[in-house]
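Please look over the sequence and the three-dimensional structure below before reading on.

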Amino acid sequence: MWRGNSPGGNPGAATEGTGGELGGQGNWGLEDAPGLLARASLPIMPAWPLPLASSALTLLLGALTSLFLWYCYRLGSQDMQALGAGSRAASVSGGPRGCSEAGRLSPGSSGEPGEGPRAEGLVCRRLRAYARRYSWAGMGRVRRAAQGGPGPGGGPGVLGIQRPGLLFLPDLPSAPFVPRDAQRHDVELLESSFPAILRDFGAVSWDFSGTTPLPRGWSPPLAPGCYQLLLYQAGRCQPSNCRRCPGAYRALRGLRTFMSANTFGNAGFSVLLPGARLEGRCGPTNARVRCHLGLKIPPGCELVVGGEPQCWAEGHCLLVDDSFLHTVAHNGSPEDGPRVVFIVDLWHPNVAGAERQALDFVFAPDP
């Protein structure tokens with residue numbers, strides 16, 4: 001058999017080429033074909049050091065993780081921008097539930113007894129702070145309220161007679177008067193405390209003639225002939241008044257749904273003199289129910305809420321959703337004396353626990 005010659009001229013010396021690689025320089029014979037074919041069938045893989053491959057994989061995983069985190073950040077930023085934009089739009093358009101662009105708390109009053117600070121500003125910012133600290137879980141209605149979403153029927157409230165001045169929580173059952181069973185425990189506790197609360201009023205009452213300076217603890221009148229002494233004002237306890245009214249304070253401490261740490265929460269005595277009238281107004285939110293315990297109810301007194309008239313009864317509670325347009329009047333004669341009720345702001349029974357916690361955070365009284 002013929003054999004190729006080597007480069008050095010040595011006959012019969014078969015070589016595989018320089019470096020032993022296929023395609024190298026050199027001569028080969030037919031008997032070398034099987035080995036060459038076997039070598040050619042081996043997979044051709046580039047040399048790749050293991051440490052370098054591990055580093056490349058680590059870099060790839062890091063890049064994918066960074067991309068995922070950036071995507072999540074973008075989604076969260078867009079969501080927060082939408083929340084803030086909706087609130088600003090509601091404020092500019094004059095909507096009753098918008099967040100003010102100034103981002104501050106503005107004073108105001110509505111309802112009876114008088115409201116404390118109305119937290120029209122910082123609502124959206126505080127809600128975002130709450131979500132960062134806790135969670136957005138269960139906050140669907142609160143977020144929609146902060147965005148200033150429309151009420152039932154595409155407008156604020158029911159048929160225009162429910163117009164809360166600050167916060168409208170959607171999807172709450174709406175009725176001017178709330179059944180007593182919705183707050184059975186607190187209603188029964190207040191009614192059982194009626195004698196003690198009435199004694200407390202006797203200890204702090206005066207002639208309400210208006211000819212003498214206001215006694216200690218009594219607030220300036222909301223309207224002519226309308227006076228109040230508050231144990232809690234805008235979520236803040238009034239220590240001196242509470243000490244003077246131990247029976248009423250003890251009853252408040254036993255309530256389960258009292259809004260005691262929220263600027264929407266008030267409690268105290270409300271006095272309406274004969275001939276006095278509080279014209280139609282709406283409370284700041286539908287998230288609360290205002291409980292009226294009748295103490296002294298002379299003839300001719302009337303409460304109209306959402307177009308439905310009602311009257312108080314001594315020793316009994318009346319639950320009112322004061323976000324509906326309401327009017328209070330004492331049409332009796334001067335000899336009948338003042339109408340006196342003890343008013344406590346309770347949570348609406350259909351506001352969930354998580355929503356109460358969030359709203360307490362958002363509308364916490366200023367220190």
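## Basis of the model

The model is predicted, and local features need a pLDDT of at least 70, side-chain atom pairs count only at pLDDT 80 or more, and totals for chains, interfaces and linings use all residues. Residues are numbered from 1 along each chain as its sequence is written, and side-chain values use heavy atoms, with hydrogens and water left out.

## The chain as a whole

The chain has 9 helices and 11 strands. These elements are DSSP runs numbered from the N terminus, helices (H or I) having at least four residues and strands (E) at least two. Of the 367 residues in the chain, 42% are buried. Here buried means under 20% relative accessible area, exposed means over 50%, and partly exposed lies in between (1.4 Å probe, protein chains only).

The chain exposes about 18700 Å², of which carbon and sulfur atoms supply 58%. Accessible areas come from the Shrake-Rupley method with a 1.4 Å probe, and for residues only the protein chains shown count as cover. Among contacts between residues at least 6 apart in sequence, 72% join residues at least 24 apart; a contact means heavy atoms within 4.5 Å.

## Helices H6 and H8

The axes of helix H6 (residues 194–204) and helix H8 (residues 246–253) come within 7 Å and cross at roughly 135°. Axes are lines fitted to C-alpha atoms, for helices over the stretch in contact, and angles run from 0 to 180 degrees between N-to-C directions. H6 and H8 are therefore oblique to each other. Angles under 35 degrees count as roughly parallel, over 145 as roughly antiparallel, 65 to 115 as roughly perpendicular, and the rest as oblique.

On the H6 side, the contact is made by Ala196, Ile197 and Asp200, and on the H8 side by Pro246, Gly247, Ala248 and Ala251. By class, this contact has 5 nonpolar, 1 polar and 1 charged residues. In this scheme Ala, Val, Leu, Ile, Met, Phe, Trp, Tyr, Cys and Pro count as nonpolar, Asp, Glu, Lys and Arg as charged, and the others, Gly among them, as polar.

## Aromatic rings

The structure holds 11 aromatic pairs. Rings of Phe, Tyr and Trp (its six-membered ring) pair if their centres lie within 6.5 Å; planes under 30 degrees apart count as stacked, over 60 as edge-to-face, and the rest as tilted. Two of the pairs are set out here.

| Pair | Centre to centre | Angle between planes | Class |
|---|---|---|---|
| Tyr130 and Tyr134 | 4.8 Å | 40° | tilted |
| Tyr232 and Phe258 | 5.0 Å | 90° | edge-to-face |

Tyr130 is buried at 5% relative accessibility, whereas Tyr134 is partly exposed at 45%. Gln357, in helix H9 (residues 353–362), touches Tyr130 and Tyr134, not counting residues up to four places away in sequence. Gln357 and Tyr130 are 227 residues apart in sequence and 9.5 Å apart in space, C-alpha to C-alpha. Gln357 is partly exposed, at 41% relative accessibility.

Tyr232 is buried, with a relative accessible area of 6%, and Phe258 is buried, with 9%.

Ring pairs also link Phe201, Trp206, Phe208, Trp218, Tyr227, Phe269 and Phe342 into a cluster. Ser219, in strand E1 (residues 218–223), touches Leu214, Tyr227 and Gln228, not counting residues up to four places away in sequence. Ser219 is buried at 16% relative accessibility. His292, in strand E6 (residues 288–296), is buried at 4% relative accessibility. With the same exclusion of residues up to four places away in sequence, the residues that His292 touches include Trp312, His316, Cys317 and Phe342.

## Positive phi angles

Most residues other than glycine have a negative phi. Asp171 has a positive phi of about 65° although it is not a glycine. Asp171 lies in the loop between helix H4 (140–146) and helix H5 (184–192) and is exposed, at 55% relative accessibility. Ala234 also has a positive phi, near 50°. Ala234 is placed in the loop between E2 and strand E3 (236–237) and is buried, with a relative accessible area of 5%.
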